[in-house]
Amino acid sequence: MTETQSLDYDVLVVGAGGAGLRAAIEAAAAGVRVGLVCKSLLGKAHTVMAEGGVAAALAHVDDRDSWRVHFADTMRGGQYVNHPRMAELHAQEAPERVRELETWGALFDRTKDGRILQRNFGGHRYPRLAHVGDRTGLEMIRTLQDHGIHQGIEVHMEVTVVDLLKDGDRIAGCVAYDRDRGRLRVFRAGAVVLATGGIGRAFRITSNSWEYTGDGQSLAYHAGADLLDMEFVQFHPTGMVWPPSVRGILVTEGVRGEGGVLRNSDGKRFMFADIPDNYRGQTADNEEEGWRYCQGDKDARRPPELLTRDHVARCIMREVKAGRGSPHGGVFLDIAWIKARVPNGADHIRRKLPSMYHQFKELAGIDITAVPMEVGPTTHYVMGGIRVDPDTQMSTVAGLFAAGECAAGLHGANRLGGNSLSDLIVFGKRAGEHAARFARENPAPPVDGAQVAAAQQRVLAPFERSVQGENAYAVQHALQDTMQDLVGIVRNEDEMAEALRQIDALKVRADNVGVGGHREYNPGWHTAIDLRNLLTVSEAVTRAALLRRESRGGHFRDDFPDKDKHWGGVNLAIRKGEDGGMVVEERPVVAMTEAQQAIIAEMA
Amino acid sequence: MAQATFQIFRGDSKGGALQTYTTDVGEGMVALDCVHQIQAESAPDLAVRWNCKAGKCGSCSAEVNGRPRLLCMTRMADLPEGEPVRIEPMHTFPLLRDLVTDVSWNYGVKKKIAKFAPRKPDAADGSWRMQQEDIDRVQEFRKCIECYLCQDVCHVLRDHAKHDEFAGPRFFVYTAALEMHPIDTGDRIDAVKDEQNIGYCNITKCCTTVCPEGITITDNAIIPLKERVADKHYDPLLWLARKLGIGDGETGAGA
Ligand SMILES: Cc1cc2nc3c(=O)[nH]c(=O)nc-3n(C[C@H](O)[C@H](O)[C@H](O)COP(=O)(O)OP(=O)(O)OC[C@H]3O[C@@H](n4cnc5c(N)ncnc54)[C@H](O)[C@@H]3O)c2cc1C
Ligand code: SF4
Ligand code: SF4
Ligand code: FES
């Protein structure tokens, strides 16, 4: 086709969130030619929405903190199926990566002595989250963006990658289309870094935007790479529940870090009633102690509202099911009560949580300094993703790298808040560095025209069926209902088997999707193209969740409600089989070194 | 559930017109929800940008009943009942399709502004000490979500199309954030005068009015920058004295 544009890079980064930008900056610093593509405009990626903060053991607020405590917290939060080497590198390197952001112009909130301030967050033993009010992600993405535009990176905005190209076993580039004209583009590259984020749009209720259709995971899978831990999806305990049109939008955990408490319709703080044994020693057993913790009292233990997300989400579900929920099917999250404890309470809340104040005021007509919010669980994050080498971030396909939310390993069965933003900069940097090295040692191979033609044919097929075909939005909504209702927070064998049947039927419908109109900025067409990715990741989540017959972290089954020794020793890897079907395999969890075990024992 | 009527601009750079749609409006819905519903029901190829649906990304900028706004933060309940809702793309940027405009000009303007240049670190670990009150103002500017609604409303761009000469309010905010950053050593004041042509701004404050982040663009960014330009260019003695560190030193602007 004459309108196809071809471009040539050493390293092509797919995704311009925190991970992709950091990777591109590092690769460019290594002196290779770097291209960066993203589905949206620069600066609009999901990272912009992150609120609460970035976790790094800077020890500015509590000098007992260190990378070793952060490592232990991350492993405990992940229920010990994390890759220990990734958790170790992450804890060790996060402080330097955060400080580096200030050398590029970021401005975090300050301590009294002028250093970066840190706040409490669920599962972190000490105040560890560097933050800017509740708009930390904006600060991070803008800093990386504004630094990155001066590094000689070529940015292609509103360009969507639809297939990876290979040369034998290694990566050769990718095929993409641009939104504004609908032209296909072929990128030839020595190394490709996927930094495409998550899969939340596979569910009906989610904090994630339209971009989160699992593209990176699906692209990697179809190119022959392994996925890992896909059953572990994080349902954040506090999303908005009302009004209906904003259902799922996130209410930051920072609200609870600042002293916000969860109550049921009886006015009871129900979290005190269910503290898991492995957290009992670290958790306050009375309201007074919990409040002192939020005020920075080093001798106090954290309130149970700050237990890990999986646990809090299930406790909320239980209250709602037991008929003790709020009017619109959630529970109450109350920050207004702290006015009784802090002078100028309303101002204090507005200053600490400005965008939450704004969000509720504008979208729900509620003043959070006066009345409690209504909240309930929302699909938020995927711990699983592309299986990567912990040091280089290379996937099981040579030259294909992955970083950020689309990669797996760091978080195990459950991610701690704040550990994603730090993940992005620690492993984004590593991916960029190693991708540049790989590309230098292995220059880009030629592009195979047959692969390009196949991708093009698949992508343009919906136009041939035109409006006589299936409606892309209808198929997407049906899939979201399936995943939400059958593979959500509480799972079981029968429902997931049913989900697989429905996914099979939806695949057939997706193959018949048709779109009308033209190729210029046509959202119906884009939705049609995304369907393959959504279906691939939905099937991966469901198959892995069906196989893991236990409950752990984000994965909860009411037919196997407990943890199980066997499953605690395995991760589930997923790859495309010889016959094109999906294969799920058990892999032993990577063993901790003696030194790592010693840290865990010491912190227990 | 009430029905509402919408007049939505459909078209591209070659031309277009308002088209009428109706859809059900449920409790709490925002304009973006209605556009999406229309997309799913009757206009699958209706082009609109969005990401966060929570006023955090600045993607969904458009004009509702003639006023520049984020579609995701425009509650239907706040619009006049029973009247059709008119939704059009931003007028200041070239149209791509329907509600989507080509905002790439903004990215080009930013790239030309001299980047952050920090002084030597204060501490051995490569970090700086800064007091919260010294960064409050810059943090206000850094709340900007780059929605470009201020650019859309500013008459210098909208009516006089001075895109080649005038940087626009967004980039005065950006430049002010760099200039007032406590550890930045750059000097962008000549550029503010001669390349960004801040002189074209006659302080109408329209930009401040539309900013969804509530940034006091005119009072806190533009006027202090204008003062710095004036100080530097029209009072050589004062300027020299400041350079040499004599006299009253820094004034007003960054405080
Ligand atoms: C509301 C909210 C609040 C959060 N708060 C926090 C917090 O306080 N702390 C924390 O640590 N984490 C938080 N998270 C999680 C964290 O923000 C995300 O996990 C993280 O930002 C993901 O970053 P990323 O770089 O991996 O991907 P993203 O920032 O999502 O970027 C993905 C990029 O990939 C591009 N892309 C995707 N598919 C394609 C394709 N096919 N072709 C081309 N480009 C593509 C997109 O356009 C985008 O540029 C929050 C998440 C949400 C939703
Ligand atoms: S105050 Fe200046 S920059 Fe703002 S809209 Fe008016 S003329 Fe434009
Ligand atoms: S200054 Fe305000 S109106 Fe202008 S781009 Fe930034 S957020 Fe938008
Ligand atoms: S969609 Fe992000 S600001 Fe409206």
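Across the interface of domain 1 of chain B and domain 2 of chain B, 5 residue pairs are in polar contact, both residues at pLDDT 80 or more. A polar contact here is a pair of N or O atoms within 3.5 Å; within protein, one must be able to donate a hydrogen and the other to accept it, and residues adjacent in sequence count only if both atoms are side-chain atoms.

Ground rules. This is a predicted model: local features need pLDDT of at least 70, side-chain atom pairs count only at pLDDT 80 or more, and totals for chains, interfaces and linings use all residues. Residues are numbered from 1 along each chain as its sequence is written, chains are lettered from A and ligands numbered from 1 in the order in which they are written, and side-chain values use heavy atoms, with hydrogens and water left out.

Back to the two domains. Domain 1 of chain B runs 2-93, and domain 2 runs 105-244. Those bounds come from an automatic or database domain assignment. Their C-alpha centres lie 32 Å apart. Contact, meaning heavy atoms within 4.5 Å, links 15 residues of domain 1 of chain B with 17 of domain 2 of chain B. Together they bury about 1,100 Å², 58% of it on carbon and sulfur atoms. Buried area is the accessible area, with a 1.4 Å probe, that two parts lose on being put together, summed over both.

Which residues of domain 1 of chain B lose the most area to domain 2 of chain B? B:Pro68, B:Thr92 and B:Phe93, together 47% of what that side buries.

Now charges. The count between these domains is 1 salt bridge. The rule: a side-chain nitrogen of Lys or Arg within 4 Å of a carboxyl oxygen of Asp or Glu. B:Glu63 and B:Arg158 meet in a salt bridge at 2.9 Å, N to O. On the domain 1 side, β3 (61-64) and β4 (67-70) of chain B each supply at least two residues. β4(B) gives the most, with 4 residues. Helices (H or I, at least four residues) and strands (E, at least two) are DSSP runs, numbered from the N terminus.

Next, the chain interface. 57 residues of chain B are in contact with 61 of chain A. The two chains bury about 5,000 Å², 54% of it on carbon and sulfur atoms. In chain B, B:Asn51, B:Lys56 and B:Arg142 lose the most area to chain A, together 15% of what that side buries.

How many salt bridges cross the interface of chain B and chain A? The rule finds 6. A:Arg142 and B:Glu146 meet in a salt bridge at 3.7 Å, N to O. There are also 36 residue pairs in polar contact across the interface of chain B and chain A, both at pLDDT 80 or more. The largest share, 4 residues, comes from α3(B).

Last, the ligands. Near means a heavy atom within 4 Å. Around ligand 3 we have, among them, B:Glu146, B:Arg170, B:Cys144 and B:Cys147. That shell has 8 nonpolar, no polar and 2 charged residues. Ligand 2 is surrounded by residues including B:Cys154, B:His155, B:Cys201 and B:Lys205. Its shell has 7 nonpolar, 4 polar and 1 charged residues. For classes, Ala, Val, Leu, Ile, Met, Phe, Trp, Tyr, Cys and Pro count as nonpolar, Asp, Glu, Lys and Arg as charged, and the others, Gly among them, as polar. α8 (206-210) and α9 (217-234) of chain B each supply at least two residues of the shell around ligand 2.
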